[in-house]
Amino acid sequence: IPLDDVRGQWADVVNRLSKFEPVLMVIDPREVRRVGRLLNSEIETVDLPVNDGWSRDSGPVLRCERCR
């Protein structure tokens, strides 16, 4: 599967998810222009050098503004 196809599929998932939940995506600074065009304006992004498309096991899963 071409990487551009996968980017579009990831964008589709997070664009739909952002209608119901806040979404924060980490984007490699070299990809900001390309990926930013795929995401809706509701998605918050952070520019951070990364070389992996999946950070569940190595990055934060959620962010808490007011933790109890």
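**Close-up 1. Ser 18 sits in the loop that links helix 1 (3-17) to strand 1 (24-27).** Helices (H or I, at least four residues) and strands (E, at least two) are DSSP runs, numbered from the N terminus. This is a predicted model, in which local features need pLDDT of at least 70 and side-chain atom pairs count only at pLDDT 80 or more, while totals for chains, interfaces and linings use all residues. Residues are numbered from 1 along each chain as its sequence is written, and side-chain values use heavy atoms, leaving out hydrogens and water.

Close-up 2. Is Ser 18 buried or exposed? Ser 18 counts as buried because its relative accessibility is 11% (buried means under 20% relative accessible area, exposed over 50%, partly exposed in between, with a 1.4 Å probe and protein chains only). Leaving aside residues up to four places away in sequence, Ser 18 touches Val 23, Asn 40, Glu 42 and Ile 43; a contact means heavy atoms within 4.5 Å.

**Close-up 3. Val 46 belongs to strand 2 (residues 44-47).** With 33% relative accessibility, Val 46 counts as partly exposed.

**Close-up 4. Stepping back, we meet the whole protein chain.** Its 2 helices and 2 strands follow the order α-β-α-β from the N terminus on. Of the 68 residues in the protein chain, 21% are buried. Among contacts in the protein chain with a separation of 6 or more, 35% join residues 24 or more positions apart.
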